[in-house]
Amino acid sequence: MNHGDDCCTTAEDGAQSDQQQPLILERVEEETAKSWQSVVSQCLNKHCLCTPKKAKSKLLGFVPILKWLPRYQLREWLLGDAMSGLIVGILLVPQSIAYSLLASQDPIYGLYTSFFSSIIYALLGTSRHISVGIFGVLCLLVGQVVDRELALAGYLTESAILNSNNSTVLLAGQGNGNVGVGCDRSCYAITVGATVTFTAGVYQVLMGIFQVGFVSVYLSDSLLSGFATGASLTILTSQFKYLLGLKIPRPQGWFTLFKTWYSLLTNLSNTNICDLVTSMVCLLILIPTKELNNRFKAKLKAPIPFELFVVVIATVASHFGRFNSDYGSGVAGDIPTGFLPPQLPMWSLIPNIAVDAFSIAIVGFAITVSLSEMFAKKHGYTVDANQELYAIGFCNILPSFFRCFTTSAALTKTLVKESTGCQTQISGLVSALVLLLVLLVIAPLFYSLQKCVLAAIILVNLRGALRKFTDIPSMWRVNRVDTSIWLITMATSALVNTELGLLVGVLVSALCVLGRTQRAQVLELGRATTREHYEDLSSYRGLRTHPGVAVFRYEAPIYYANQSLFKKSLYRCVGLDPVKEKTRLMKFKRKNKQQGEVARVPNMKSGGTEGAGKEDGFEAGATVTSVLCNKSSRSLRSLVIDCSAILFLDTAGVNALKEVLKDYEELGIKVVLARCNISVLDALERGGYYPIKKGWDGGENKIMFFTIADAVHYVQSLSANGDYDSKC
């Protein structure tokens, strides 16, 4: 019986000893470094070697329609594609004409833009659902550049032209010598717009060549949403002059929102009553009908094109009512049929608009990729961000030769396209056919269409962006940081400058990420009662701590910007600042030494008194040292730092950990690290944090552990064996 008990006890002790053994893993040996010649050779073979199979793969990847068109399911998909393409094409007609105003262009160029972009994206795009064409924010950005260059070239402002007998007056021809005498204001405006579009497209294609599609991940949803909302406020303000029939120029520079409202209020007495009444009637019709479309979109097979009905009715009323000649109402004017011959961009203009084109390229790319990925995720397929760069880049480069301006994906038309049964980009080709019919036959019929009607269409389409203001309370409750980014980006885009808003949004987003690493605090962990698991003591109940051992976690990377904050937070959480502690000890020793020297002179008269003084001095020193080293609530012998949340370390981070190790060990407190990832381990090894020796047997150098429990058991064993004596 006793023998059996001994066997059981031995087995239990063996199992316990097995549990106490730390987890040991062997690192995979790193591959030997290759010479630069072999690396260059591999890169050349990978990217420059051409085989028939590789050439076919590249061609199919660059022109995706060649890949999916042979597998097109005619019976299942054709009806949905044809229906959605027809409806989107009908919607594009009034919107293309309307958004031309925003880009400071004639209506025909908006139709050209929508036509060419629909065809090119169908050939090169990887998304099955997005509708690429005119987008309000990009039209605003292009229009601002066009108006600025028109003013620099010396052309009359829009209001001056409308009040002049000759619409082709050129005030300063010498400022625009390359344009030629035969190029009027409209011609120069589309030349500037096409040059901006060409340059933006080149930027996007270069981004695709250099594989920088990943840039889109740095533009968060809150940033893009705030930017679009802020730009929508600027668009809204810019259209009021058409609603009121006022002839005022578009302001340039910063604070355009305030400048526009000032011009509107000072010229309010010049309101054209005909335009005002027409605008009110159009808004009273369009807003309720749009709401009806949204409310009953589940029951309707396709949205009713009320915009087209309003355009047709308003054009007929303006023509027979002679609103332009009798009441001075602004109209679309002559819209020619057919296509103009291609022309090259104005190369001399590119240095002036290069910076503007870059911001336009970034916005267009970000909007297109974000919408592509959103609908691809919804319908269970993938898109290639770099191929999207090529697609949207060529949607800008090629049409720029045919007098088009910048395009990107548009959310409103994409939603309509998806909801009406779109399956592939065949629907984009159907939309292009509708626009082609308008360009060849119907376009001149829109001569009498009032600009205030087009402005009303733009305002109604801004409802979605403006509704974001009602979501601010819920956004704030979900995430205050993202809401702050949204508010700052929106306010800067609307109140200061549209392009600046995008830059400020990116900087604020980056600072918020850095700020989160700055705000990270060291947390003290406790062990669960039922298993070897450690969590934050301040967040969970029932956790236990180990006597003499404290476990801490830092939930951020340690790098140059937060390494000092890490040390301060750790010292504060431990309750013992080793630097201050060493300073106090040194001051005490100096003071004690001085007192000993003063007491030595009278003590020379009596040997017994001298011995008593030394003894009393020693006891006083020991007492003060004990008080200094035990400032925390419990006697501390060891620190375990859980590094599982530390993503990486730079040189400053490694040095910070080395300082922590050195400072605490000088006070007799053992510091060990646990659960370091491979990146952190490599950084510590390269930074000389701990030595790596052959035949390492797990003695004092064993300071890396894969679990917190192993680290705790190790430091406890040191204290139990007396291998590590605390000086405190």
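## Helix α24

Helix α24 covers residues 563-574, and its 12 residues reach 17 Å from the first C-alpha to the last, close to the 16 Å expected at 1.5 Å a residue. The expected span is 1.5 Å times one less than the number of residues. Helices (H or I, at least four residues) and strands (E, at least two) are DSSP runs numbered from the N terminus.

Among the residues of α24, F566, K567, S569, L570, Y571 and V574 are buried; buried means under 20% relative accessible area with a 1.4 Å probe, protein chains only.

## Basis of the model

This is a predicted model, in which local features need pLDDT of at least 70, side-chain atom pairs count only at pLDDT 80 or more, and totals for chains, interfaces and linings use all residues. Residues are numbered from 1 along each chain as its sequence is written, and side-chain values use heavy atoms, with hydrogens and water left out.

## Strand β3 and its partners

Strand β3 (residues 522-527) has five of its six residues buried, so it is largely enclosed by the rest of the structure. Strands pair if DSSP finds at least two bridges between them. β3 pairs with β5 (residues 549-554) in the antiparallel sense over four bridges, and L523 stands opposite R553 in β5.

β3 also runs antiparallel to β4 (residues 534-536), joined by three bridges. Here L525 has D536 as its bridge partner. Six residues lie between β3 and β4 in the hairpin that they form.

Technical notes. Buried < 20%, exposed > 50% of the residue type's maximum accessible area, 1.4 Å probe, protein only.
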